[in-house]
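Subject: Structure for you to look at

Hello,

Here is the structure I said I would pass on. Please open it next to this message and follow along.

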Amino acid sequence: MDWKGISQLVGKAAPVLGTALGGPGGAMLGSMVATVLGVEETPAAVAQAVKNNPEALIKLKQFELKNEQQIREVAFKTLQTELSDKANARASHKDSKMPAIIVWLLTAIVAGLLFALFKFEIPESNQDVAFYLFGQAVTLWAASITYWVGTTRSSADKNRLMTGPR
């Protein structure tokens, strides 16, 4: 179990805190939540405290109300760091041909696997492995495409939402 795994449980009583726990800064906030509840700084201990102690939800709500601005700032700063990291990755690779070569190579691999999937019969004993490997190849291919086109648009949308209307 990780902090993201308990974010919905915590989010029932403290939605802002639950959302932040599910994000990249969740571990830091998780240790704060554990301290508030007086339990070990692990997701399992926090989850057990929330499930077994009805007062834990009240403590979480009080913690959220007292620290809502700081919780939002942690989530915002973490998101900013992630977006900056992605922007820096693209900027550092803008003159390199390697990312484009990787995308084309993965496209060829996925096309070849798709062709093989429909052209050849896979023995029943190997079907699970074949489908798993095909799924992994498609996932990597989708991530490589997202690197170039998808995250730029979603990052712009997030930035627009965070800054609000102008």
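A helix here is a DSSP run of H or I with at least four residues, and helices are numbered from the N terminus. Please keep in mind that this is a predicted model.

Salt bridges

The search of the whole structure gave 2 salt bridges. In one of them, K61 pairs with E64, and their closest N and O atoms are 3.0 Å apart. Both residues belong to helix α5, which covers residues 54-93. They are 3 residues apart, about one turn of the helix.

Is E64 buried or exposed? Buried means under 20% relative accessible area. E64 has 3% relative accessibility, so E64 counts as buried.

R72 is partly exposed at a relative accessible area of 44%. E68 is partly exposed as well, at 27% relative accessibility.

Nonpolar core

Which residues have the most contacts inside the largest nonpolar core? They are L17, L37, V46, L60 and I71, in a core of 22 residues. Helix α5 supplies the largest share, 5 residues. As background, nonpolar side chains in soluble globular proteins tend to be buried together.

Leaving out residues up to four places away in sequence, L60 touches V10, A14, L17, V33, L37 and V50. Among these, L17 and L37 are also on the list of residues with the most contacts inside the core.

Surface patch

Some nonpolar residues are found on the surface. M98, I101 and I102 form a nonpolar patch there, with about 280 Å² of accessible area together. I102 lies in helix α6, which runs over residues 98-119. With a relative accessible area of 41%, I102 is partly exposed.

Regards

Note on methods. Residues numbered from 1 in each chain as written. Predicted model: local features only at pLDDT ≥ 70, side-chain atom pairs only at ≥ 80, totals over all residues. Heavy atoms only, no water. Salt bridge = Lys/Arg side-chain N within 4 Å of Asp/Glu carboxyl O. Helix = DSSP H or I, 4+ residues; strand = E, 2+ residues; numbered from the N terminus. Buried < 20%, exposed > 50% of the residue type's maximum accessible area, 1.4 Å probe, protein only. Patch = residues over 30% accessible without salt bridge, like charges linked within 9 Å, V, L, I, M, F, W, Y side chains within 5 Å. Areas by Shrake-Rupley, 256 points an atom, 1.4 Å probe, with all protein chains shown as cover. Core = buried A, V, L, I, M, F, W, Y, C linked by side-chain atoms within 4.5 Å. Contact = heavy atoms within 4.5 Å.
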